[in-house]
Amino acid sequence: MGRELTRRGALATAAALGVAGTVQAATLERVERWGLFEIALKATVQENPFAVEVGGVFKDGRTTVRAAGFFDGDDIWRIRFSPPHTGTWRWVSESPVAALNGRSGQFEAVASSPNNHGPVGVVDTYHFAHADGTPFRQIGTTAYGWTHQPEAKRRQTLETLKSAPFNKMRMLVFPNASVKTNEALFPFEKTGPGEKDWDLTRFDPAYFRRLEACVAALGALGIQAEVILFHPYDGKYGFDEMPSAADDRYVRYVVARLAAYRNVWWSMANEFDILKTKTDADWDRLFQLVQTSDPYGRLRSIHNWRRLYDNGRPWVTHASIQNGSAVLDDARAETYRSVWQKAVIFDEVCYEGSLDERWGNLTGPQMVRAFWHGLIAGTYVGHSECFPVDGSEFWLGEGGELRGESAPRLAFLKTIMEAGPKPGIEPIDKWWEQHLGGVPGRYYLRYFGEAAPTEWSVDLPRDEIVGGERFKVDVIDTWNMTVEAVPGEFTMQKRDDTKYFFRDSARPTLTLPGRQWMAVRLTRMDV
């Protein structure tokens, strides 16, 4: 499903210390920069194969990367690597098992294709961009259990995403006991008839192959896969109460399988503070384990319920927040940036839907409002929706199809973001109730939300304004998805009654239509 795997090559036979094995070593393959190169090694061992360490060392003459491998069943170990540079890369395998040790080869990393912009990282403290510098304007969604659905449902989800605005998907690794799943596959081998009878030292590779196929399919659509490693909604299988050694073993396995996919983000947990079997020290340890196990430094966060994790800690790359009230206005949302000095995504602000529960009954306008207030604050917001069919099925839990009103309006918002400053919007005069985002002196965005003003005083804070700057103005209807250019231009002059603001004395106010969900955009003309 869109994976960039290189499994061709010659088969060589080796024997050492009584362990027979073969290696599938790549000939000089060509793999895109930030693509995925894979080595398949074969050996037969008497011990638990999941306990066998294997990895690869990759060198291009200036960079050395060590990547852990994993056992994939049928006597096969795989090592995956994503080249950060173009050029010839040479590799050698490392393992205490002789048949898996010292295998070597090389491949050529070539220039990335037009749709391959590389992995996403944090830039300018508060924003995101791909490795090639392309801004990443986060418009995320959540479908926790979509990877656990039957194939037809998974394909329906991907078809929906093809025409949706979302460029990030939050999803669980472990099944959610409250969501219908395809229970033919589980992450561990069964040891008995009980629901919690698992051998936590042995994984089911087929379960993780399905997961990585979903990650790869999202990548083919240009969508980031935010992989949620732990969650508290089990109550059935016991994966929420594994001992620390099992947690660590599981994390290493998932990271080894998925880290080379350039569209992977790591979320340590959803609503971490409900997982009563883990302390903050456990989360610190697991964060650092992901950090040290992932040679590419993929983005890392943790999601809260009622208690916030200290997102200022060095292993957290950005804050992932549940707080619907924070995005009722931009001033509230911005505070999170100022506290942690990091990029902030309000991944859960309640969801558009028709549920009785308060977390799943936002109207479409309320869902869209959260995104706009978050944007003005210089933060980002996440979506999902809860419109049940036959009493149970909806996007948040299972994926499938979208039924709400917000998605087209978020697509429109995305066009506004993409036409705006790079890498993103900054709050302007943020603690003085200006409700302006943009770049001082160059670009301003004002969102009115539920208010329905008939005019707005075009007063710009003095930062980066000296007088004489000329601006064009657009009136944006964020719900009806229209942009109306205001005739003429606005030339800034210092106000006589205050030193803090500039305006055009010939046209100090802008007429507005008196409707809700309006915004105004000012773009400087003389630069």
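This is a short talk on three helices in one structure: helix 5, helix 6 and helix 8.

Okay, before we start, keep in mind that this is a predicted model.

Let's take helix 5 to begin with, so that's residues 330-340. If you want to click through them, the buried ones are Asp-330, Ala-331, Ala-333, Glu-334, Tyr-336, Arg-337, Ser-338 and Trp-340. And what sits over those residues? The cover includes strand 11 (127-130), strand 19 (319-322), strand 20 (344-348) and strand 24 (426-428), along with helix 6.

Have a look at the two ends as well. At the start of helix 5, Asp-329 has a side-chain oxygen within 2.9 Å of the backbone nitrogen of Ala-331. Just after the helix, Gln-341 has a positive phi, about 55°.

Now, helix 6 came up as part of that cover, so let's move over there. Helix 6 is residues 364-376, and it pairs up with helix 8, residues 406-418. Their axes come within 9 Å and cross at roughly 20°. Angles under 35 degrees count as roughly parallel, so that's what we call these two helices. The crossing is right-handed.

Who's touching whom? From helix 6 you've got Gly-364, Met-367, Val-368, Phe-371, Trp-372 and Leu-375, and they meet Ser-406, Arg-409, Leu-410, Leu-413, Ile-416 and Met-417 of helix 8. Sort the residues of that contact by type and you get nine nonpolar, two polar and one charged.

That's my bit, thanks.

Conventions:
Residues numbered from 1 in each chain as written. Predicted model: local features only at pLDDT ≥ 70, side-chain atom pairs only at ≥ 80, totals over all residues. Heavy atoms only, no water. Axes fitted to C-alpha atoms, helices over the stretch in contact; angles between N-to-C directions. Helix = DSSP H or I, 4+ residues; strand = E, 2+ residues; numbered from the N terminus. Parallel < 35°, antiparallel > 145°, perpendicular 65-115°, else oblique. Left-handed = near helix turned anticlockwise from the far one by under 90°. Contact = heavy atoms within 4.5 Å. Nonpolar A, V, L, I, M, F, W, Y, C, P; charged D, E, K, R; others polar. Buried < 20%, exposed > 50% of the residue type's maximum accessible area, 1.4 Å probe, protein only. Polar contact = N/O pair within 3.5 Å; in protein donor to acceptor, adjacent residues only side chain to side chain.
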